[in-house]
Amino acid sequence: MATLASLAAKDYMTTKLVTFTPEMEVMTAIHQLVKNRLSGAPVVDAAGKLIGVLSEKDCLKVALAAGYEGVPGGQVGEYMTHEVSTVEPDMPMLEVASRFLGSPAKRFPVVRDGQLVGQISRSDVMRAISDVY
């Protein structure tokens, strides 16, 4: 019988992701987040290496800048969070669950050798719990 310790992030992660580049216009990224009903998305360089995340909270900075400067805008790289907690594809789901408990994050990028390979969310952990128990 499977346990949370025997299941891995790769078993539940999402691999079809909306991603952004740091050069992308931030308003375009915000429109994509809203359109896709996402609370954030990974930011990658041209080689697919994870370099940050653009979250709803980061996007609130755009509203503040627009309030002071009059026009919303700039590049994703100006607003994204650069320091991002990640998980490895083989990390046990039990450890992923523990990481969520110690973090305000709603999702973690899944990275192998610096390359973004997926994303795992709190709801993915809930699916694993439901499958096991």
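Helices (DSSP H or I, at least four residues) and strands (E, at least two) are numbered from the N terminus. The model is a predicted one, so local features need pLDDT of at least 70 and side-chain atom pairs count only at pLDDT 80 or more, while totals for chains, interfaces and linings use all residues. Residue numbers start from 1 along each chain as its sequence is written, and side-chain values use heavy atoms, with hydrogens and water left out.

Within α2 (residues 26-35), V26, A29, I30 and L33 are buried (under 20% relative accessible area; exposed is over 50%, partly exposed in between; 1.4 Å probe, protein chains only). These buried residues span an arc of 100° seen down the helix axis, so they line one face of α2; the arc is taken from the directions from the axis to the C-beta atoms. H31 and K35, on the other side of α2, are exposed. The buried residues of α2 pack against β1 (40-44), β2 (50-55), α3 (56-69) and α4 (76-79), with contact meaning heavy atoms within 4.5 Å.

As for nonpolar cores (buried Ala, Val, Leu, Ile, Met, Phe, Trp, Tyr and Cys residues joined through side-chain atoms within 4.5 Å), the largest has 16 residues, of which L7, Y12, V87, M93, V96, I120 and A128 touch the most other members. Two or more residues of this core come from each of α1 (9-12), α5 (93-101), β3 (107-112) and α6 (122-132). A second, separate core of 15 residues includes F20, V26, C59 and M80.
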